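Subject: Structure handover

Hello,

Here is the structure I said I would pass on. Please keep it open while you read, as the notes below go through it part by part.

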Amino acid sequence: MRPPIRIRLKDDLGRFSLDVRFEAPGRGVTALFGPSGSGKTTILRCIAGLHRAKLGEVIVEDWPWQVDGLFRPVHERPIGYVFQEASLFAHLNVRGNLTFGMPAVAQPDDLPLDEVVQLLGLANLIDRNPASLSGGERQRVAIGRALLSQPRLLLMDEPLAALDQASRDEILPFLERLHDRLSLPIIYVTHDMREVERLADHIVLIEQGRVIAAGPMAQVQSDPQLPLMKLRDASVTMLARIIARDRSYGLTTLAVDGGTFLVPMMQGEVDEYHRLRIAASDVSLAREQPNPSTIANNLRARILDLRHTDDHQIVVVLGLGEAGFGERLLARVTRHSFDELQLAKGLSVFVQIKSVALMGAR
Amino acid sequence: MNLAPDIWLSLWLTIKLAALSTVILLLIGTPLAWWLARSRHMAVDIVGSLVAMPLVLPPTVLGFYLLMILGPNGPGGLLAGLWGQRTLAFSFTGLVIGSVVYSLPFVVQPIRNAFVALGERPLEVAATLRATPWQSFWRVAVPLARPGFLTGAILGFAHTMGEFGVVLMIGGNIPGETKVLSVAIYDFVETAQWAQAHLLSALMVVLALAIILSVSLIEKRIGRQAL
């Protein structure tokens, strides 16, 4: 495992001041999440060296990119940068764009062109002109171009924001594949929670140029002190392992820490890992073992914490398993039923999950 | 009708002057255009205005100052003294210097505009792909600004060919040295040699038409490529 990426930046951005400090792990996807205009892109540009913060410290793999008086220029930082707009070079075809940043002398552990072409499905585009590509195709080429410069850190600035929904759906699986196949750490700026849920392992919440929380996904999602829980579609994501498949019913059993889920058939083999998303509004609570119903997923859990929302509802933080030591789960219940059931922190409850969204293989 | 040999001389001299001036203009104009397009220095506005001056100044004014500078008592004369000449005025070298000054805005402006039109992004992308500023310039900025270079080169060439006032002021009328086509035509008219004047004038019209047509065809073709 590579050492973490350490960031500390202070700058005056006009509308507000930037003052952030966080660490991103040396592998996996770290999402910088926050509303538009909160300073996320500036942070990314500072890491790349495209913007020089007045005061800053950027240390990647124990290698200082910016510290005190030292400021390594952009072209000396081993990054890949994917901009919101693909920004392909108009005077080069797809192959010319892909190979632009390839080192003149290949190293043995370099990512080869063929593999990137295959990973991003670019084989049919290789001799085309950027102008003849669709938005989604262009962004895939831009991602490939960044990867082939053999970066030690991939920076992505809302790579899907400028695309229509169809192109987003086209690219997301490629991004998931990147995440699975490459050990490259990725810092991913977005204001779209769905992208975070599908891709991120680690999340840094940014608001008005400040870090308001940082940590592993599930931990930040289920922290009652944080604004994520107040979102209408508050949810948690977790990794689950396939433990059984029942072809006659078309069902698959998935195991997470503290319980198992039954979900409708999908691709995938036993022992594979898949990412799940469970929305707080799809989880209901009961004091007693529920009678058999059409809701297939009943689990034991313990109430760990709760948070009142503005609309007379309560978001309950649960730990799966009798003792509550398993994965975190959120449940949105009305205050009325909360009081009716006499729910309270520390209580052991039964959880019914109406639906589990599968976010692709891991 | 037989054209006198000094007409061929004039034609050759004109093309030589225009070609040499264009090469020098591209060499000087490219870094100048790059600096004007990208620098935020205060001097940009002043230098930009100076470069544009020949667009508004009467050629005679420009020619007059060039004569002062290139003449025996100016720095040009001192320079010429180094290789045993008295003056840079009334010489081919003087004409080239005059043409470069006179046609500078026609070369710098299209290249500067092309560099400005690039925007920051392609250069940022190049930098994130490990290109040094020098490599970014040659591998990204110059190829992307190609239409600006073509337009600048053609306009510079054409404008130098059509130059008259400045030549008259600093070049005079020395066959094989400073007597370019435009001056030759003037000569023929002065001496009432209408047929010769007609012929040369028609030649210039055809050349001008061909040049302007080629500029618009090049721009059209590049435009299509970019689509």
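Strand 1 and strand 2 of chain A form a hairpin, with four residues between them. In the turn, A:Gly14 has a positive phi of about 90 degrees. This is a predicted model, so please read everything below with that in mind. The two strands, strand 1 (residues 5–12) and strand 2, run antiparallel and are joined by eight bridges. If you want one pair to look for, A:Lys10 stands opposite A:Asp19 in strand 2 of chain A.

Strand 2 of chain A covers residues 17–24 and has two faces. Which residues are on the covered one? They are A:Leu18, A:Val20, A:Phe22 and A:Ala24. The uncovered face holds A:Ser17, A:Asp19, A:Arg21 and A:Glu23. For 362 residues, a compact globule would have a radius of gyration near 21 Å, and the 22 Å of chain A agrees with that. Of these 362 residues, 41% are buried. Among contacts in chain A with a separation of 6 or more, 67% are between residues 24 or more positions apart.

Chain A is divided into two domains, domain 1 (5–217) and domain 2 (235–361). Their centres, taken over C-alpha atoms, are separated by 33 Å. How many residues of each are in contact with the other? Five residues of domain 1 of chain A touch five residues of domain 2 of chain A. On the domain 1 side, the elements that give two or more residues are helix 5 (165–181) and helix 6 (193–199) of chain A. By class, that side has two nonpolar, no polar and three charged residues.

Next, there is an open sheet of five strands in chain A, with the order 16-20-17-18-19 and antiparallel pairing. Strand 16 (283–286) and strand 19 (328–334) stand at the edges; each has a single partner strand, so one side of each is left without a neighbour in the sheet. Neighbouring strands of this sheet are turned by 45 degrees against each other on average, direction ignored. Strands of a sheet pair through backbone hydrogen bonds, in a parallel or an antiparallel way. Within this part of chain A, strand 17 (residues 297–308) and strand 18 (residues 313–320) run antiparallel and are joined by seven bridges. The bridge partner of A:Asp305 in strand 18 of chain A is A:Val317.

A:Gln221 is in helix 7 (residues 217–221) of chain A. Is A:Gln221 buried or exposed? A:Gln221 has 27 other C-beta atoms within 10 Å, so A:Gln221 is buried, the cut-off being 20 or more. Leaving aside its neighbours within four places in sequence, A:Gln221 is in contact with A:Leu228, A:Ser235 and A:Val236. A:Gly80, by comparison, is 141 residues from A:Gln221 in sequence and 28 Å from A:Gln221 in space, C-alpha to C-alpha.

The other residue is A:Asp68, in the loop between strand 5 (63–67) and strand 6 (70–71) of chain A. Its phi is near 45 degrees, a positive value in a residue other than glycine. Most residues other than glycine have a negative phi. A:Asp68 counts as exposed because 9 C-beta neighbours lie inside 10 Å, and the limit for exposed is 12 or fewer.

Now to chain B. The secondary structure of chain B comes to eleven helices and zero strands. Along its principal axes, the C-alpha trace of chain B spans about 65 × 45 × 30 Å. Buried residues make up 37% of the 227 residues in chain B. Of the contacts in chain B between residues at least 6 apart in sequence, 71% join residues at least 24 apart.

Chain B also has a residue other than glycine with a positive phi: B:Phe90, at near 55 degrees. B:Phe90 lies in the loop between helix 4 (75–81) and helix 5 (92–118) of chain B. With 18 C-beta neighbours inside 10 Å, B:Phe90 counts as partly exposed.

Last, the contact between the chains. It takes 15 residues from chain A and 15 residues from chain B. The side of chain A that touches chain B has nine nonpolar, five polar and one charged residues.

Regards

How values were computed:
Residues numbered from 1 in each chain as written. Chains lettered and ligands numbered in written order. Predicted model: local features only at pLDDT ≥ 70, side-chain atom pairs only at ≥ 80, totals over all residues. Contact = placed C-beta atoms within 7 Å. Nonpolar A, V, L, I, M, F, W, Y, C, P; charged D, E, K, R; others polar. Pairing = 2+ DSSP bridges. Domains from an automatic or database assignment. Axes fitted to C-alpha atoms, helices over the stretch in contact; angles between N-to-C directions. Rg over C-alpha atoms; globule rule 2.2 N^0.38 Å.
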